[in-house]
Amino acid sequence: MSAYIIRSGDRAAFIAGLRELADFLTTNPGVLVPRNPSFGVLVDASDPAARREGLEYAAAPLGVPVEDLGEGYYDARRSFGSIAYSFIAIPPEERQ
């Protein structure tokens, strides 16, 4: 068993929701959109090494490096146009 937990959701529902949102925004041009939208998946682990390991595992399919932000925080993100898709690891004391 791994020392980390990845907080992921229902993949098919997420993709269907994105398509529904794109269709809605296309047919409703008066609806404002965010300037810098992002989606994030949280990786939980009490140990910094396990957080990084979990983040590296989760982010590998994105083809981007894991960035050590310091103080136990890690991040990996890839941009699709103006939309960022990221994996984030936050120290347990900061998640409360």
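Reader: Which side chain makes a polar contact with the side chain of Asp44?

Author: The side chain of Arg7 does, at 2.6 Å. A polar contact is a pair of N or O atoms within 3.5 Å; within protein, one must be able to donate a hydrogen and the other to accept it, and residues adjacent in sequence count only if both atoms are side-chain atoms. This is a predicted model, in which local features need pLDDT of at least 70 and side-chain atom pairs count only at pLDDT 80 or more, while totals for chains, interfaces and linings use all residues. Residues are numbered from 1 along each chain as its sequence is written, and side-chain values use heavy atoms, with hydrogens and water left out.

Reader: Is Asp44 buried or exposed?

Author: Asp44 is buried, with a relative accessible area of 10%. Buried means under 20% relative accessible area, exposed over 50%, and partly exposed in between (1.4 Å probe, protein chains only). Asp44 belongs to strand β2. Helices (H or I, at least four residues) and strands (E, at least two) are DSSP runs, numbered from the N terminus.

Reader: How many helices and strands does the chain have?

Author: There are two helices and five strands, and along the sequence they follow the pattern β-α-β-α-β-β-β. Of the 96 residues in the chain, 24% are buried.

Reader: Turning to α2, which of its residues are buried?

Author: Ala50, Arg51, Gly54, Leu55, Ala58 and Ala59 are buried in α2. They cover an arc of only 155° around the axis, which puts them on the same side of α2; the arc is that of the directions from the helix axis to the C-beta atoms.

Reader: And what does the face turned away from the buried side carry?

Author: That face of α2 carries the exposed residues Ala49 and Tyr57. At the start of α2, the backbone nitrogen of Ala49 has a side-chain oxygen of Asp47 within 3.1 Å.

Reader: What covers the buried residues of α2?

Author: The cover includes β1 (5-7), β2 (38-44), β4 (73-80) and β5 (83-89).

Reader: What is Arg51 in contact with, leaving aside its neighbours within four places in sequence?

Author: Arg51 is in contact with Val43, Ala45, Ser46, Gly72, Tyr74, Ala89, Ile90, Pro91 and Pro92, where contact means heavy atoms within 4.5 Å. At 2% relative accessibility, Arg51 counts as buried.

Reader: A new topic: how much space lies in the largest pocket?

Author: About 800 Å³. On a 1 Å grid over the protein atoms alone, a pocket is an open set of points with protein on both sides within 12 Å along at least five of seven lines, and lining residues have an atom within 4 Å of a point.

Reader: Which residues lie nearest the centre of the largest pocket?

Author: Phe14, Leu18, Phe39, Ile83 and Tyr85 lie nearest its centre, among the 28 residues that line the largest pocket.

Reader: Where does the largest share of that lining come from?

Author: Helix α1 gives the largest share, seven residues. β1, α1 (11-27), β2 and β5 each supply at least two residues of the lining.

Reader: Lastly, where is Asn36 found?

Author: Asn36 is in the loop between α1 and β2, and is exposed, with a relative accessible area of 60%. The C-alpha atoms of Asn36 and Ala84 are separated by 7.6 Å, although these residues are 48 residues apart along the chain.

Note on methods: 1 Å grid on protein atoms, 1.4 Å probe; cavity = no way out; pocket = protein on both sides within 12 Å on 5 of 7 lines; lining within 4 Å. Points joined across faces, edges and corners; volume = space filled by probe spheres on them.
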